[in-house]
Amino acid sequence: MAGLLRPHAGSFAALVILQVIGAVAGLAPLLAVAELGRALLSPGPVDRAHVWFVVLAGVAGLLVRLLFTAASSGEPIYPSTG
């Protein structure tokens, strides 16, 4: 069994690493929502620059998650027609 899997070990490791990066990046939108709640519900004036930074960080995390999860599927994004 190990002999059959050995030629694919590098590809499998790369796919696992891509999936782990995607999973960790998927935490960014959740953390952004929590931080937005804290920032918007705190007493005093709202720091608009901080709010926009948190929103953009959450969106960036979501995009990274989508890209790395898609890359870890091992399927081409644009399948060949031939």
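**Figure 1. The buried residues of helix H4 pack against helix H2 (9-25) and helix H3.** The model shown is predicted. In H4, the buried residues are Val51, Val54, Gly58, Gly61 and Ser72. H4 has 25 residues, and at 1.5 Å a residue they should span 36 Å. The end C-alpha atoms of H4 are 36 Å apart, so expectation and model agree. Phe53 also lies in H4. Phe53 is exposed because its relative accessible area, 57%, is over the 50% cut-off.

Figure 2. Along the sequence the pattern reads α-α-α-α. The chain has 82 residues, and 15% of them are buried. Among contacts with a separation of 6 or more, 66% join residues 24 or more positions apart.

**Figure 3. Helix H3 (residues 27-41) buries one face.** Ala32, Glu35, Leu36 and Ala39 are the buried residues of H3. Seen down the helix axis, these buried residues fall within an arc of 110°, so they line one face of H3. On the other side of H3 sit the exposed residues Leu30, Val33, Ala34, Arg38 and Leu41. Helix H4 (48-72) is included in what covers the buried residues of H3. The length of H3 also checks out: its 15 residues, at 1.5 Å each, should span 21 Å, and its end C-alpha atoms are 21 Å apart.

**Figure 4. The largest nonpolar core has 5 residues.** The members are Ala32, Leu36, Ala39, Val51 and Val54. H3 and H4 are the elements that give two or more residues to this core. H3 supplies the largest share, 3 residues. Val54 is in contact with Ala32, Glu35 and Leu36, leaving aside its neighbours within four places in sequence. For a distance across this region, take Phe53 and Leu36. They are 17 residues apart in sequence, and their C-alpha atoms are 10.0 Å apart in space.

**Figure 5. Glu35 and Arg38 form a salt bridge.** The structure holds 1 salt bridge. The side chains of Glu35 and Arg38 meet at 2.6 Å, N to O. Both residues lie in H3, 3 residues apart, about one turn of the helix. Within H3, Glu35 is buried, whereas Arg38 is exposed. Glu35 also touches His50 and Val54, not counting residues up to four places away in sequence. Glu35 and Val54 are 19 residues apart in sequence. Their C-alpha atoms are 7.2 Å apart in space.

**Figure 6. Ser72 makes a side-chain polar contact with Gln19.** Ser72 lies in helix H4. Ser72 counts as buried because its relative accessible area of 11% is under the 20% cut-off. The polar contact between the side chains of Ser72 and Gln19 is 2.6 Å. The side chain of Ser72 also reaches the backbone oxygen of Thr69, at 2.8 Å. Not counting residues up to four places away in sequence, Ser72 touches Leu15, Leu18 and Gln19.

**Figure 7. Val16 and Thr69 are 53 residues apart in sequence.** Their C-alpha atoms are 9.9 Å apart in space. Val16 has its place in helix H2. At 37% relative accessibility, Val16 counts as partly exposed, because this value falls between the cut-offs of 20% and 50%.

Notes: Residues numbered from 1 in each chain as written. Predicted model: local features only at pLDDT ≥ 70, side-chain atom pairs only at ≥ 80, totals over all residues. Heavy atoms only, no water. Helix = DSSP H or I, 4+ residues; strand = E, 2+ residues; numbered from the N terminus. Expected span 1.5 Å × (residues − 1). Buried < 20%, exposed > 50% of the residue type's maximum accessible area, 1.4 Å probe, protein only. Arc of directions from axis to C-beta. Contact = heavy atoms within 4.5 Å. Core = buried A, V, L, I, M, F, W, Y, C linked by side-chain atoms within 4.5 Å. Polar contact = N/O pair within 3.5 Å; in protein donor to acceptor, adjacent residues only side chain to side chain. Salt bridge = Lys/Arg side-chain N within 4 Å of Asp/Glu carboxyl O.
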